[in-house]
Amino acid sequence: MKNRVTLKDLAKELKLSPSTISRAIGGHPAISDATKKRVKKKAEELGFTPNSIAASFRNKKTRSIGIIVPRIDIHFHSLVISGIEDFAYKNDYNVTIFQSKDSLKREKEITKILQTRMVDGIIGCLSIETENCDHFKKFNKLGVPLVFYDRVPTDFDANKIVINDFESAYTATKHLIKSGCKKIGHIAGSQKTSIFKARLEGYKAALKKYKIPLDESLIMYTKNLSYDEGVSSAKKYLNLPELPDGIFCANDYSAVSVIQVFRKANIKIPEQVAIVGFSNYPISRIIEPNLTTINDRAFQMGESSTKLLIRKIEDENDIIDSEIITLKTELIVRESSKLNA
């Protein structure tokens with residue numbers, strides 16, 4: 001792990017005393033505006049933040065990890081957090097959780113807070129609005145290890161814990177095809193987000209492989225894959241001249257809402273329409289019929305993220321710049337879909 005830039009480092013670069021640097025950063029009136037500007041510019045260039053002052057006076061780690069999560073009320077992220085906390089606790093680390101609420105603005109504010117907090121490392125999942133990840137690059141300058149999970153950056157090298165969303169979506173769609181479905185729809189997540197783009201592409205690839213024509217009218221695009229968006233998508237399907245006989249949904253919330261809307265419309269599931277979700281939320285085992293879904297290993301994702309982060313924090317001889325770990329998923333077949341005998 002890189003050493004954080006200290007007060008002494010900044011003083012050496014500018015050929016000023018540490019006390020002058022400290023006063024300049026603190027806005028002391030005895031320091032000229034020109035010197036303050038010089039110090040500020042060099043501090044930003046080197047990745048120095050106020051907590052570096054404290055860091056220069058201590059030699060031991062804080063054993064603290066910061067977590068940036070999009071939404072704690074989503075079961076997937078709750079399970080990830082549980083996995084993080086379990087592994088961290090066993091290894092004598094504390095965690096502090098920040099919630100971006102899928103807001104880029106809020107995510108940027110959290111990264112600024114974490115730049116001045118004493119954390120040894122950070123685990124994060126990008127907000128659904130995040131396309132440019134420059135606000136995370138500062139941590140590399142500060143020497144603070146980063147591990148991303150699920151929604152990960154594509155514009156710079158980083159440690160990542162992911163699943164193969166393309167392959168998982170392909171498997172889910174293939175299951176519907178093998179169940180006898182010939183007209184398959186897809187409820188898609190935001191195409192600004194790599195995981196949902198991959199799920200759409202996996203769906204399309206399975207159709208192509210089994211020579212099933214792609215019908216764009218059967219793809220319903222959503223912003224957040226919310227329950228309400230699932231209801232809206234289901235109603236659009238009902239208004240089509242012909243219903244699809246299978247639907248692959250990019251998460252379980254949308255799949256559950258489709259089941260409920262279709263059942264109210266007296267559509268038999270899976271006899272008329274087979275449905276597959278994604279994530280294996282608890283509701284998938286409660287809804288009638290029980291939902292076929294992809295187990296995305298959320299708890300294990302949290303454990304693996306923390307294991308990798310702690311290794312990056314503690315192993316000063318680690319020569320690997322960034323690592324990508326891909327966890328295996330599994331298709332859980334339940335009553336909402338069927339296999340031909």
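Predicted model: local features only at pLDDT ≥ 70, side-chain atom pairs only at ≥ 80, totals over all residues.
Local features need pLDDT of at least 70 and side-chain atom pairs pLDDT 80 or more, while totals for chains, interfaces and linings use all residues. Residues are numbered from 1 along each chain as its sequence is written, and side-chain values use heavy atoms, leaving out hydrogens and water.

User: Why are α1 and α2 called roughly perpendicular?
Analyst: Helix α1 (residues 7–14) and helix α2 (residues 18–25) pack at about 105°, with axes 8 Å apart. Roughly perpendicular covers 65 to 115 degrees (under 35 is roughly parallel, over 145 roughly antiparallel, the rest oblique). The pair is therefore roughly perpendicular.

User: Which residues of α1 and α2 meet?
Analyst: L7, L10, A11 and L14 in α1 meet P18, I21, S22 and I25 in α2; contact means heavy atoms within 4.5 Å.

User: How many residues of each class does the contact of α1 with α2 have?
Analyst: The contact has 7 nonpolar, 1 polar and no charged residues. Ala, Val, Leu, Ile, Met, Phe, Trp, Tyr, Cys and Pro count as nonpolar, Asp, Glu, Lys and Arg as charged, and the others, Gly among them, as polar.

User: What makes β4 and β5 a pair?
Analyst: Pairing requires at least two bridges found by DSSP. Strands β4 (residues 146–149) and β5 (residues 159–163) have 3, in the parallel sense. Y149 stands opposite I161 in β5.

User: What makes β2 and β11 edge strands?
Analyst: The open sheet of 6 strands runs β2-β1-β3-β4-β5-β11, with parallel pairing. Strands β2 (94–99) and β11 (324–327) each pair on one side only.

How values were computed
Axes fitted to C-alpha atoms, helices over the stretch in contact; angles between N-to-C directions. Helix = DSSP H or I, 4+ residues; strand = E, 2+ residues; numbered from the N terminus.
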